Amino acid sequence: MAFQQGLSGLNSASRNLDVIGHNIANANTVGMKASRAEFAELYASSINASGGVNSGIGVTVATVSQMFTQGNISVTGNDMDVAINGNGFFELAMPDGSMAYSRAGMFKLDRDGNIITNTGGQLMGYPTDAAGVRQGFDSVPLTLPTGGPIPAQQTSAITAEFNLDASAPIAASVVPPTPLGTYATSLNAFDPQGLEIPVGLVFDKIGNNQWNVYTSVNNSDPALSTPFTISFLADGSLDPASVIPQLQLASPNDPTQTFNVDLDFTGATQFGADFAVSNLTQDGYRPGELTSLGIDESGVIMARYSNGQSQAAGQISLVNFRNVQGLVPTGGGNWVTTFESGEAVRGAPGEGKLGALRAGALEDSNIDLTAELVNMMTAQRAYQANAQTIKTQDQVLSTLLNMR
């Protein structure tokens with residue numbers, strides 16, 4: 001019987017060494033989860049046995065379990081590296097059409113703008129609008145718009161916040177009159193093709209708490225424009241009764257093509273301080289090429305363009321399982337589902353029990369190399385001890401065979 005016991009011990013110790021060796025070999029593998037051989041004793045039993053203790057016949061490896069504990073997060077500075085801090089797996093569409101799941105966030109862009117892994121899996125996520133608001137709950141392959149520039153957006157509104165000097169004299173009441181253009185500001189608006197249209201605003205005081213506003217378009221003389229009047233209340237705020245018309249803008253390529261722009265002077269004031277512009281913005285922009293991307297904790301991918309704009313290009317989804325031990329590793333840092341793992345439960349990073357994302361970082365292997373080296377020595381001793389069991393049994397049998 002001891003031969004069987006010793007042989008089972010050798011097989012189990014050898015299997016344990018295989019598991020430990022695999023752990024040690026992958027100590028630096030991103031997203032790697034350590035494995036552990038779990039043993040169970042073997043007994044010979046008979047349904048006719050009437051009490052007593054049956055002798056054990058050895059040991060077996062009951063299972064090799066995976067340790068899904070959190071690995072350390074190392075900052076890499078690479079925009080395409082993403083670490084999961086907490087529970088969850090990245091969802092991947094593999095080249096053969098199957099689904100796989102991974103903790104290794106070393107992503108790349110292919111020629112078509114798809115976000116892929118080193119094994120060709122395509123990262124899945126939710127579609128969003130340009131502001132990052134989720135547009136659906138079914139995951140789709142994430143793709144960045146790398147094929148060409150994003151189109152231009154024409155200016156539809158100009159917002160100006162400024163202070164006009166309440167102590168300034170009425171322009172026509174002084175000698176010589178205050179020159180037109182003493183109080184002025186300018187910015188560039190954009191036509192539908194993204195061409196710049198210089199826009200100037202010139203302020204001329206015509207009475208107590210009243211100013212004329214002249215406009216300049218495409219460097220035209222503001223004195224030739226038809227002014228409109230804005231008024232201020234006693235507290236220095238803009239009189240809500242002031243009528244601010246829309247501006248007529250013409251495309252530099254075709255002056256006959258015009259479009260309207262709203263002017264927002266809500267934040268304008270008239271205080272006894274120097275003229276100053278605190279905010280001057282417009283909502284148009286020229287075409288832009290993709291220059292970089294950023295991923296926030298909730299998985300929203302913000303694409304940055306050469307025109308200074310940032311637009312969301314989707315949201316990374318995460319999945320979790322009722323029994324992660326039921327997942328089967330397939331190599332390349334991927335797992336696949338089984339009946340024991342249950343179906344994938346999908347959500348956005350940070351929702352429920354799902355972890356948050358850390359861009360520009362990777363999750364290290366959770367393998368404790370020191371502990372694995374100690375385990376290896378222990379497994380080696382176990383192997384030697386079981387070999388000694390076989391050797392001793394052999395000596396006992398030799399003694400019996402050599403009896404005279």
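Start by selecting Asp368 and Thr370, at the start of helix 2: a side-chain oxygen of Asp368 reaches to within 3.2 Å of the backbone nitrogen of Thr370. Keep in mind as you look around that this is a predicted model.

Now extend your selection to the whole of helix 2, residues 369-401. What lies over them?

Next stop: the largest pocket, with a volume of about 310 Å³. To find its centre, select His22, Met32, Pro329, Gly331 and Trp335, which lie nearest to it among the 17 lining residues. Strand 2 (56-66), strand 24 (328-331) and strand 25 (334-336) are the elements that each give two or more residues to this lining. Strand 24 gives the most, with three residues. If you colour the lining by class, you will see 11 polar residues, five nonpolar and one charged.

Finish at Asp274, in the loop between strand 18 (269-271) and strand 19 (276-282). Is Asp274 buried or exposed? Its relative accessible area is 64%, which is over the 50% cut-off, so Asp274 counts as exposed. Then pick Ala166, which is 108 residues from Asp274 in sequence but 8.5 Å away in space, C-alpha to C-alpha.

Definitions and conventions: Residues numbered from 1 in each chain as written. Predicted model: local features only at pLDDT ≥ 70, side-chain atom pairs only at ≥ 80, totals over all residues. Heavy atoms only, no water. Helix = DSSP H or I, 4+ residues; strand = E, 2+ residues; numbered from the N terminus. Expected span 1.5 Å × (residues − 1). Polar contact = N/O pair within 3.5 Å; in protein donor to acceptor, adjacent residues only side chain to side chain. 1 Å grid on protein atoms, 1.4 Å probe; cavity = no way out; pocket = protein on both sides within 12 Å on 5 of 7 lines; lining within 4 Å. Points joined across faces, edges and corners; volume = space filled by probe spheres on them. Nonpolar A, V, L, I, M, F, W, Y, C, P; charged D, E, K, R; others polar. Buried < 20%, exposed > 50% of the residue type's maximum accessible area, 1.4 Å probe, protein only.
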